[in-house]
Amino acid sequence: MPKEKIERQKMPEQKPHDRIKNFNEVPFGFPQEIAMKEAQRCLQCKKPACVKGCPVEVAIPEFIKLVAEGKFVEAARKVKSTNALPAVCGRVCPQESQCEKVCIVGKKDKPVAIGSLERFVADFERNTNAVKIPNIAEKKNIKVAVVGSGPAGLTCAGDLALKGYDVTIFEALHKTGGVLVYGIPEFRLPKVIVQAEVNYLTMMGVKVETNMLVGKVATLTELFKEGYKAAFVGTGAGLPMFLNIPGENLIGVLSANEYLTRVNLMKAYLFPEYDTPMVKSKKVAVVGAGNVAMDSARTALRLGAEKVYIVYRRSPEEMPARKEEIHHAQEEGIDFQLLTNPIEVLGKDGCVRGIKCIKMELGAPDESGRRRPIPIKDSEFEIEVDTVVVAIGNGPNPLLLKATPEIELNKWGNINANPETLATTMKGVYAGGDIVTGAATVIEAMGQGKIAARSIDKYLTGG
Amino acid sequence: MFKILAKEVLSDCVYKMVIDAPRIARARKAGQFVVLRIDENGERVPLTICDADAVAGSLTIVFQAVGKSTMQLGQMEPGQSIHDLVGPLGKATHIEKYGTVVCVGGGIGIAPVYPIAQAMRLAGNKVISLIGARTKNLLILEKEMAKVSDELLVATDDGSYSIKGFTSDLLKQVMARGIKVDLAVAIGPVPMMKAMANLTKTYNLKTMVSLNPIMLDATGMCGVCRVTVGGKTQFACVDGPEFDGHLVDFDELQKRLRTYNVQEKTAVEKFQHSPSCIDLAMAAQKQVK
């Protein structure tokens, strides 16, 4: 343990006034010496709480020790022994509510920057071309289908490949990565990193079929007939929820899914070089305060909006977004209209001209355990905007489920999977990620992918 | 990659293409569509599957070059390949033996009506097809429609071919005969479907329409294709594209279709296509009644 106290190291990042003009990643990552310095802050606890706080049980003290010793590639391999997507997790995991939340250093001081270190080792390994195929168990010649190539599917596929299964990922879109490519913006997670992680899986022998709609082209039953012995369903988020207020179908009201997909997956910010068009916005209101809302608001700025609001019906404490994202959004000048609820989208000639809102106050806690927002009488007011992005969540993707009556759903329409094994009511079919939990984080989806991979292995080996 | 096997120019700016896509060709049913992306920079374009050959593993699309992407597609030749093709999407048409089914196709809408008429006939229905176009040159798939129909009536707005008038006039003629019609299927430009739905309401004739809102992923994720049906929000890509025509808010659909008009114009100008084609397309969109 160092004698002198080391402060938590700050990751260098683009200045707010520069970064709102580009889609480049905001933080630059740790330089080597800073990473080693930060790694020295780890106490190397015998019973590390951080590992328990991580849904995929990354060997945190071990990998940080290797960083402190300058053994970066070894550190990356250590992380990868349980986490197939470290460059992704290092960037988008909510560390403050997981590993870093329970870090012992954090009891008196700021916790060790575990996420930043994870990102550092993954980037180091990739940038120095040190990525190599891990040791793979003997080929079993047993085919497993993974439906959906988001974080849950990629993790499940990776773990099954390591165990020697013949894995094929089926992706409905033209690109792999699921929410990592259509949902999370370039400035938070560059697409080349997602692609590199997918390449790593294909290096391990995982097959990928894009443009493949399981449930429409072939049902799960048909896949089983084709020789697949088990399947993992990680089809993720589906149809967006809307506010059900007047004016919601005016031109200029978009779901966050649409807004972000146009920009991230289809590169509409490069229109007309790319063919997908995008609404031109001067003033944008984003409804909601989760990560998706922050991503939408910050994207709006980068698309050239002069004024961007976050409209949220509860108070700052309840905002579900990661602290870092809220902080970045504030730095970039997003206007937070909190305790404010939209009640009508106002239109002119079929297009949005504003939103009518009402002020809210917090009452007694509701079923979610959070204090219920209550409208304050006669407090209506209008905000002038030309675009409204609705970022209040999604239902489960309906496409596969509609074609698969064998899979039982719960009252929210999500898959009713056994929480221990993630087995569905259809034999040989396991499920995980948002399709089971509803909207959650990347790492939670990955954690489920891991559990499912373990269960599938057990099921197929009769263990 | 999906290879173009054959191409035919059906009329001014309307193309028929046969594409190699064995899996989709086997799985598709009447009423479904595909989404294609021409190249790496392309947008996702939804197009109805007009026909398919499960044995040959090919499917047929018919499209009008109205925007940059469809113009670009129209310039592609057999042997070239489309980068991405996904489908079959959307709910298949509910096919059963109703009795007598009237299939109405307006302009480019004849293409999506064709597989439905075909499937309705196969299910043992008497199929009366009513097709129309603005002018003779724009009338497509007449022979094909005749083959799958017990009776085919054709109208042109300007009277340059067959009966002068609209498909709604043809329907009035059929209904005037006093025969019992059990279902109508009407597909075409929004104003045409709206007019048809208004007319069939007066006959109390159940009418299915196939909607063409803006789509993006088209797999039940983005919500841009939302339409109001019977006062409720429905998503055309997974709940449709077919809906009860008497319940659809056509005016809202028509407005929402205008969302990217300005950008589409920019894209077309950049693509530098002959203006005659655009004019025709614009005119076809405006085709009222």
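How many residues of chain B are in contact with chain A, and how many of chain A with chain B? I looked this up first. I found 46 residues of chain B in contact with 45 residues of chain A. I note here that the model is predicted.

**Entry: the interface**

I looked up the area next. The size of an interface is often given as the accessible area lost when the parts come together. Here, chain B and chain A bury about 3900 Å² between them. Of that area, 57% is on carbon and sulfur atoms.

Then I turned to charges. I found four salt bridges across the interface of chain B and chain A. One of them joins B:Asp239 to A:Lys402. Their closest N and O atoms are 3.3 Å apart.

I also looked up polar contacts. The count between chain B and chain A is 20 residue pairs. Which elements of chain B give two or more residues to the side that touches chain A? I listed helix 1 (22-27), helix 2 (68-74), helix 7 (250-256) and helix 8 (261-271). Strand 7 of chain B gives the most, with six residues.

**Entry: aromatic pairs**

I moved on to the rings. A pair of aromatic rings is described by the distance of the centres and the angle of the planes. I counted nine aromatic pairs over all chains. One of them is A:Phe23 with A:Tyr269. Their centres are 4.1 Å apart, with 25° between the planes, and the pair is stacked.

Where do these two residues lie? A:Phe23 is in the loop between helix 1 (16-19) and helix 2 (32-39) of chain A. A:Tyr269 is in the loop between helix 13 (256-265) and strand 7 (283-287) of chain A. The pair therefore ties together parts that are 246 residues apart in sequence.

Is each one buried or partly exposed? A:Phe23 has 9% relative accessibility, so I marked A:Phe23 as buried. A:Tyr269 has 28%, so I marked A:Tyr269 as partly exposed.

Next I took A:Phe120 and A:Phe124. Their ring centres are 6.1 Å apart and their planes stand at 40°, so this pair is tilted. Both residues lie in helix 8 (residues 114-127) of chain A. They are four residues apart, about one turn of the helix.

**Entry: a cluster and two charges**

I went back to A:Phe23 and A:Tyr269. Ring pairs link these two and A:Phe187 into a cluster. The charged end of A:Arg302 sits over the ring of A:Phe187, 3.9 Å from its centre. I noted another charge over a ring: the charged end of A:Lys140 sits over A:Tyr165, 4.8 Å from the ring centre.

Key
Residues are numbered from 1 along each chain as its sequence is written. Chains are lettered from A and ligands numbered from 1 in the order in which they are written. This is a predicted model: local features need pLDDT of at least 70, side-chain atom pairs count only at pLDDT 80 or more; totals for chains, interfaces and linings use all residues. Side-chain values use heavy atoms; hydrogens and water are left out. Rings of Phe, Tyr and Trp (its six-membered ring) pair if their centres lie within 6.5 Å; planes under 30 degrees apart count as stacked, over 60 as edge-to-face and the rest as tilted. Buried means under 20% relative accessible area, exposed over 50%, partly exposed in between (1.4 Å probe, protein chains only). A charge sits over a ring if NZ of Lys or CZ of Arg is within 6 Å of the ring centre and within 35 degrees of the ring normal. Contact means heavy atoms within 4.5 Å. Buried area is the accessible area (1.4 Å probe) that two parts lose on being put together, summed over both. A salt bridge is a side-chain nitrogen of Lys or Arg within 4 Å of a carboxyl oxygen of Asp or Glu. A polar contact is a pair of N or O atoms within 3.5 Å; within protein, one must be able to donate a hydrogen and the other to accept it, and residues adjacent in sequence count only if both atoms are side-chain atoms.
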